[in-house]
Amino acid sequence: DYVCELERLANVDNRISIIKNSENAGLYKSRLMGVKNCQTEYVAFVDADDLVTKDYIEELFDNNADLVIGGYKDTGNHTCALSEEQYVGKEALVEFYSTHFHRLYSTVPWGKLYKKSIIQENRLSFDMRIRLGEDLVFNLRYLQYCSEIRLVNATNYLYTTYSCTEERYNLRIEEIRYTLEQMKEHVSVLSEKWNINLSCKDSSAIVLATYPMKKILSDSREY
């Protein structure tokens with residue numbers, strides 16, 4: 001199983017450490033525990049049901065960028081990637097937000113390299129009250145502290161696709177409302193920081209698109 005394979009790898013490579021979460025505190029606390037204990041400048045998140053190629057980190061690694069974003073392939077053999085590598089400096093962050101941020105799977109933390117120092121120094125975490133859209137909120141918060149972003153055209157992350165169904169999440173309308181409020185709040189912070197009025201309609205559309213219309217109509221009867 002996975003645990004045995006991890007232990008085998010840790011025994012032959014001293015760069016690998018296994019941190020056991022005895023409290024079984026869940027995905028997001030486990031991610032932050034990994035950030036706290038890692039000894040590297042950058043942090044990468046990989047979901048347990050996904051795969052990466054051997055040169056995944058090598059293709060993403062950058063000595064300067066605050067955030068590195070790569071492409072991916074999914075189990076349906078679909079590819080999401082830029083046609084060429086790009087660097088986004090501080091003066092181009094607004095354009096990046098308006099054109100690329102919502103297209104480059106901003107709803108997930110994988111396929112990216114984050115700076116450990118940015119996460120820790122600014123006490124960034126995943127909102128435990130959000131069950132669908134928490135990664136998007138995290139990425140919006142992280143973006144507030146970025147000065148340079150690198151976009152990589154490699155597709156070395158292999159994503160296992162699932163349908164976002166009512167049965168899987170069983171979300172309630174007040175959860176969606178809270179998520180949208182958090183997104184709006186952090187986009188407002190970005191607007192103030194960059195001195196421009198940014199829209200969060202694309203982010204809102206991403207979240208609302210995953211919520212079944214029949215569930216919205218059902219929940220609305222309670223109000």
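Which residue forms a salt bridge with R8? The partner is E5, with the closest N and O atoms 2.7 Å apart.

Residues are numbered from 1 along each chain as its sequence is written, and side-chain values use heavy atoms, leaving out hydrogens and water. This is a predicted model: local features need pLDDT of at least 70, side-chain atom pairs count only at pLDDT 80 or more, and totals for chains, interfaces and linings use all residues.

1. Helix α1 pair. R8 and E5 are 3 residues apart in helix α1, so about one helical turn separates them. Helices are DSSP runs of H or I with at least four residues; strands are runs of E with at least two; both are numbered from the N terminus. R8 has 44% relative accessibility and counts as partly exposed. E5, at 35%, is also partly exposed. (Buried is under 20% relative accessible area, exposed over 50%, partly exposed in between, with a 1.4 Å probe and protein chains only.)

2. Salt bridges. The structure holds 8. Each is a side-chain nitrogen of Lys or Arg within 4 Å of a carboxyl oxygen of Asp or Glu. One of them joins D135 to R31, closest N and O atoms 3.0 Å apart. D135 lies in helix α6 and R31 in helix α2 (residues 27–37), so the pair ties together parts 104 residues apart in sequence. D135 is buried at 8%. R31 is buried, at 8% relative accessibility.

3. D127 bridges to R129, with 3.2 Å between the closest N and O atoms. D127 is buried at 16%, whereas R129 is exposed at 59%. Elsewhere, salt bridges that share partners join R31, D47 and D135 into one network.

4. R31 over rings. The charged end of R31 sits over the ring of F45, 5.6 Å from its centre. R31 also lies over the face of F126, at 5.0 Å from the ring centre. (The criterion is NZ of Lys or CZ of Arg within 6 Å of the ring centre and within 35 degrees of the ring normal.)

5. Aromatic pairs. There are 15. Rings of Phe, Tyr and Trp (its six-membered ring) pair with centres within 6.5 Å; planes under 30 degrees apart are stacked, over 60 edge-to-face, the rest tilted. Y97 and F101 are stacked: 5.6 Å centre to centre, 20° between planes. Both are buried. Y114 and Y142 have centres 4.9 Å apart and planes at 85°, so that pair is edge-to-face. Y114 is in strand β7 (residues 112–115) and Y142 in helix α6 (residues 134–143), 28 residues apart.

6. Aromatic cluster. F45, Y114, F126, F138 and Y142 form one cluster. Y114 is buried at 0% relative accessible area. Y142 is buried at 0% too.
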